[in-house]
Amino acid sequence: MTKEHKARKRFGQNFLQDQSIIGDIIRAVRPQENDVVVEIGPGLGALTQPLSGCLKQLHVIEIDRDIVAYLKNTTYAGKLVIHEGDVLKMDFRTIQGAKKIVGNLPYNISTPLLFKLTEFVDEIVDMHFMLQKEVVERICAKPDSKDYGRLSVILQYFFDTEKMIAVPPAAFSPAPKVDSAVVRMIPQVGRIGQVRDFALFHRLVTQAFSMRRKTIRNNLKDWVNDETLQSVAIHPNNRPEHIAPELFVALSNALTP
Ligand code: SAM
């Protein structure tokens, strides 16, 4: 197989081709020779090749068999540890050490993948991902903004998040229909408190944002009364988008037996 590989839509294949953006991403990742770096979805190697040039070894996770065959024939194949399969089924603990995770992600699986990665937060040094721009804005959003929601609260519970690089469709082949951006996520568990029951926290936040235009009292009417909301300094008439992540942590703990 050659670079003539026909991009597969079902695997979200939009290959990076802009060398200046590729350089910006590698500089943001700052790979050091002995780092344990894991790239999700290496594709035809746009990031894999320059990353492997900085490292002794590079783990890559790829679902497309034809691409795996292609990677095995590259000049940098000797540096690669290839994990063939679906990243959503990957147990990241099987890769030893504190990991830097990188990827120009398939956009169709980005939300479940980000939630999955929270399970391995204690093994992660940092993550740099190319995502749809709107998703990056939601990940990084602060309260009182239209982008602030479930993704912001859950991911900011685990990570410090920062939008790094704006990327236009022309940077890819084929060009996606949407703008993209690179986000940096650094583990920061505890910064906004510690939830006692994460599953409950996740359900609570999902329910709280189920109807953005409604008040928190309304969205959580089957969960909490006004007294409990007020006990953690949440005004029952507030909309969810005005409630800071740490207040959701406090509310979740108030509901944890
Ligand atoms: N990194 C390359 C680049 O920047 O040009 C390719 C990026 S492309 C947007 C996404 C890559 O993820 C493709 O190689 C695709 O085959 C792979 N992929 C898609 N779904 C996957 C999954 N569930 N598990 C692992 N890899 C996947």
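**Ligand site and pocket**

1. In this predicted model, an oxygen atom of the ligand lies 2.8 Å from a backbone N or O atom of leucine 16. Leu16 is also listed among the closest residues of the ligand's surroundings, together with Gly41, Glu62, Asp86 and Asn104.

2. A polar backbone atom of proline 42 is 3.3 Å from a ligand nitrogen atom, and a polar backbone atom of isoleucine 63 is 3.4 Å from a ligand nitrogen atom. On its own the ligand has 590 Å² of accessible area, and the protein covers 98% of this.

3. The shell around the ligand numbers 23 residues. By class, twelve are nonpolar, seven polar and four charged. Strands E1 (15-16) and E3 (58-62) each contribute at least two residues to this shell.

4. Where does the ligand sit? Its location is the largest pocket, for which the computed volume is about 380 Å³.

5. The lining of the largest pocket consists of 27 residues, with Phe11, Gly41, Glu62, Asn104 and Pro106 nearest the pocket centre. This lining divides into 14 nonpolar, nine polar and four charged residues.

6. As to secondary structure, E1, strand E2 (36-40) and E3 each provide at least two residues of the pocket lining. E1 and E3 likewise each supply at least two residues of the ligand shell.

Terms used:
Residues are numbered from 1 along each chain as its sequence is written. This is a predicted model: local features need pLDDT of at least 70, side-chain atom pairs count only at pLDDT 80 or more; totals for chains, interfaces and linings use all residues. Side-chain values use heavy atoms; hydrogens and water are left out. A residue is near a molecule or strand if one of its heavy atoms lies within 4 Å of it. A polar contact is a pair of N or O atoms within 3.5 Å; within protein, one must be able to donate a hydrogen and the other to accept it, and residues adjacent in sequence count only if both atoms are side-chain atoms. Accessible areas come from the Shrake-Rupley method with a 1.4 Å probe; for residues, only the protein chains shown count as cover. On a 1 Å grid over the protein atoms alone, a cavity is a set of points where a 1.4 Å probe fits but cannot get out, and a pocket is an open set with protein on both sides within 12 Å along at least five of seven lines; lining residues have an atom within 4 Å of a point. A molecule sits in a cavity or pocket if more than half of its atoms lie within 2 Å of its grid points. Helices (H or I, at least four residues) and strands (E, at least two) are DSSP runs, numbered from the N terminus. Ala, Val, Leu, Ile, Met, Phe, Trp, Tyr, Cys and Pro count as nonpolar, Asp, Glu, Lys and Arg as charged, and the others, Gly among them, as polar. Grid points are joined across faces, edges and corners, and a volume is the space filled by probe spheres set on the points.
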